[in-house]
Amino acid sequence: MAGFPLTAWAVRHPLGDDADRLLDALASPGAAAAPTSEPAAAVAEALFEEMAPHCARACQRWGASRVAVILGSAAPTAPEPLARLSVMLSLARRHTGITGPAYHVAATGAGGAKALASAERLLRASLADAVVVGGIDEGQGALLLLESHGEAFVRLRSSAEATGSTDAQRLDDAAARRAIDGAWTAARRPPLGYVHTHAAATEPLGEAEAEVVRALCGPIPHRATRSALHSVGAAAGAIDAVLAAACLARGYAPGPTPPELQHDRVLVHAFSSGGHHVALLLEARP
């Protein structure tokens, strides 16, 4: 299982509009982002404009109909959110020229990561040759370009998903374990540099998630960035993936006094209060 290269990514956030600046901000003691009211459509415009040259090259290489768009979203509960999903996909087509499949996957808090797992399945089934994935909220968002072949420093090696009874009060340990172990085992359990967790130990469910990681992976460093970034919606999983990829390029885990990575692989775990669990294994090129 060779995996699929991440040939481009973009992030927009009040702490920094590229991954390196965002990681630098997270390394500063006490760094925290204030929530912003920048409309999600404006965030999407900026992200798709930044990704447009990369998408154009993918369309030229594979054909526009062989490039797909998958965006994670919060679970829609009213007509207005449904309309906003349509707007996001329209912006994607307008800025990128992509004519392949375009759709949302709904999982509040895990949608961006779930989009990457969905993209991997499309590529493995040869239903697309490149996929733009991500998640966008008010004030923040991230996009990534995943291709079936190409030169890139980071690749998505494997992914896995599970559903269970996780909610705001209780983590479904078994579901978390199935997702994390599924992605790791699919790659034959290689050594990990760190695990990018969903919640910090001081957050609700954070210690329960850390216990699952320790039980499965042993004494591997684990880091969570969502609390400092105020990332709780559709963008969170996509931003986690971008930061994990950027950490592989840097060779350091995120956060204050970032430790040097001992291995060139990062496992990302995301979950939603609706019971979705997603795990992604990212790997640096040997």
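**S231.** I started with S231, which is buried, at a relative accessible area of 4% (buried is under 20% relative accessible area, exposed over 50%, partly exposed in between, with a 1.4 Å probe and protein chains only). This is a predicted model, so I kept to its cut-offs: local features need pLDDT of at least 70, side-chain atom pairs count only at pLDDT 80 or more, and totals for chains, interfaces and linings use all residues. Residues are numbered from 1 along each chain as its sequence is written, and side-chain values use heavy atoms, with hydrogens and water left out.

I placed S231 in the loop between α7 (226–229) and α8 (helices are DSSP runs of H or I, at least four residues, strands are runs of E, at least two, numbered from the N terminus). What does S231 touch, not counting residues up to four places away in sequence? I found Q140, R226, A236 and I239, with contact meaning heavy atoms within 4.5 Å. The side chains of S231 and Q140 are also joined by a polar contact of 2.6 Å (a pair of N or O atoms within 3.5 Å; within protein, one must be able to donate a hydrogen and the other to accept it, and residues adjacent in sequence count only if both atoms are side-chain atoms).

**α8.** Next I checked α8, where 14 of the 16 residues are buried. Its end C-alpha atoms are 22 Å apart, which agrees with the 22 Å that 16 residues should span at 1.5 Å a residue (the expected span is 1.5 Å times one less than the number of residues). Just after α8, I noted a positive phi of about 90 degrees at G251.

**Cores.** I looked up the largest nonpolar core and got 49 residues, with L116, V131 and L280 having the most contacts inside it (a core is a set of buried Ala, Val, Leu, Ile, Met, Phe, Trp, Tyr and Cys residues joined through side-chain atoms within 4.5 Å). Helix α8 (residues 235–250) gives the largest share of this core, eleven residues. Apart from it I found another core of 25 residues, among them A10, F48, C59 and L71. Leaving aside neighbours within four places in sequence, V131 has contacts including A68, V69, I70 and A119.

**Sheet.** I traced an open sheet of ten strands with mixed pairing, in the order β3-β2-β4-β5-β1-β6-β10-β9-β7-β8 (strands pair if DSSP finds at least two bridges between them). Which strands stand at the edges? They are β3 (102–106) and β8 (222–223), each with a single partner strand, so one side of each lacks a neighbour in the sheet. Strand β2 (residues 67–73) runs parallel to β3, joined by five bridges. I picked out V69, whose bridge partner in β3 is A102.
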